[in-house]
Amino acid sequence: MARRETERYLKWLLTFAGSFIAGILIMNIAKTYFLSDGGILNSSTLSRIKYLNVDGTMLLRYTLFERLKTAFILIIFSTTFIGIIASYLFVAWQGVLTGMFLTAAVIRYGFKGILLFFAGVFPQQLLLVPAWIMLLNWGCQLCMRFYFPNRVTEKAPTQKHYLLRKGAILLWIFGVVIIGSILESYVNPIILTELLKIF
């Protein structure tokens, strides 16, 4: 792995960690707002989910649309000079959301809230997280190719070879996102509803 890529992954990790902590702080400071009776993860919402008959096909359509929409937005940004900045903003946003969701779960339900958090993201995130990292790296490399050629770490004999390789990697990423969405639509609801029986 190129040194620049290793540094980029480390910076993303630090960005996520910092924004994760920010999410925790936000939730604790504004918990009266976010954790009101009708707020995040309230008991009535969990009760409805517990007895919800999930239509996997409809859920898959929704999750695929949302995931691919996000992917295409990131791809579009990668063709602009702010593509690298967009990758850090995406990581920061995910960190804030993760910190807020985990904190809300723990405040409401204690240790069971931690179980609820992991049940909500398993098993799809085992695939989606690597896919997003690959896509972010893909986008940063493309952005650098267009606007910062002196920082490019990818090598290709011709422009055609480069585009073919980038296209193949992108198809691979989309495939992983699709599989992750399938798991989210058909497997995760089973895990989540089974766990909610202890709530």
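Is K197 buried or exposed? With a relative accessible area of 54%, K197 is exposed, where exposed means over 50% relative accessible area, buried means under 20%, and partly exposed lies in between (1.4 Å probe, protein chains only).

## The model and its overall fold

This is a predicted model, in which local features need pLDDT of at least 70 and side-chain atom pairs count only at pLDDT 80 or more, while totals for chains, interfaces and linings use all residues. Residues are numbered from 1 along each chain as its sequence is written, and side-chain values use heavy atoms, with hydrogens and water left out.

The chain holds nine helices and zero strands, where helices (H or I, at least four residues) and strands (E, at least two) are DSSP runs numbered from the N terminus. Along its principal axes, the C-alpha trace spans about 60 × 40 × 25 Å, and 37% of the 199 residues of the chain count as buried. If one takes the contacts (heavy atoms within 4.5 Å) with a separation of 6 or more, residues 24 or more positions apart account for 85% of them.

## The nonpolar cores

A nonpolar core is a set of buried Ala, Val, Leu, Ile, Met, Phe, Trp, Tyr and Cys residues joined through side-chain atoms within 4.5 Å. The largest such core has 24 residues, and those with the most contacts inside it are W132, L135 and W138. At least two residues of this core come from each of helix 4 (56-78), helix 5 (83-109), helix 7 (125-147) and helix 8 (159-186), and helix 7 gives the most, with ten residues.

## Salt bridges

A salt bridge is a side-chain nitrogen of Lys or Arg within 4 Å of a carboxyl oxygen of Asp or Glu, and a search of the whole structure finds three of them. In one of these, the side chains of E66 and K69 meet at 3.4 Å, N to O; both residues lie in helix 4, three residues apart, about one turn of the helix. An α-helix has 3.6 residues a turn, so residues three or four places apart point the same way. E66 counts as partly exposed at 25% relative accessibility, and K69 is also partly exposed, with a relative accessible area of 36%.

E184 forms a salt bridge with R67, the closest N and O atoms being 2.5 Å apart. Because E184 lies in helix 8 and R67 in helix 4, this pair ties together parts that are 117 residues apart in sequence. At 15% relative accessibility, E184 counts as buried. The side chains of E194 and K197 also meet in a salt bridge (3.0 Å, N to O), and there E194 is partly exposed, with a relative accessible area of 45%.

## Aromatic rings

Rings of Phe, Tyr and Trp (its six-membered ring) pair if their centres lie within 6.5 Å, and planes under 30 degrees apart count as stacked, over 60 as edge-to-face and the rest as tilted. A search of the whole structure finds nine aromatic pairs. Among them is the edge-to-face pair of F117 and F118, at 5.2 Å centre to centre with 80° between the planes, and F117 is buried, with a relative accessible area of 10%. The rings of F146 and Y147 have their centres 6.2 Å apart and their planes at 90°, so this pair is edge-to-face; F146 counts as partly exposed at 45% relative accessibility, as does Y147 at 39%.

Y9, W12 and Y88 form one aromatic cluster. Elsewhere, the charged end of R145 sits over the ring of Y162, 3.9 Å from its centre, a term that requires NZ of Lys or CZ of Arg within 6 Å of the ring centre and within 35 degrees of the ring normal.

## The buried side of helix 9

In helix 9 (residues 188-195), the buried residues are N188, P189, L192, T193 and L195. They cover an arc of only 160° around the axis, which puts them on the same side of helix 9, the arc being that of the directions from the helix axis to the C-beta atoms. These buried residues pack against helix 3 (43-50), helix 4, helix 6 (111-121) and helix 8.
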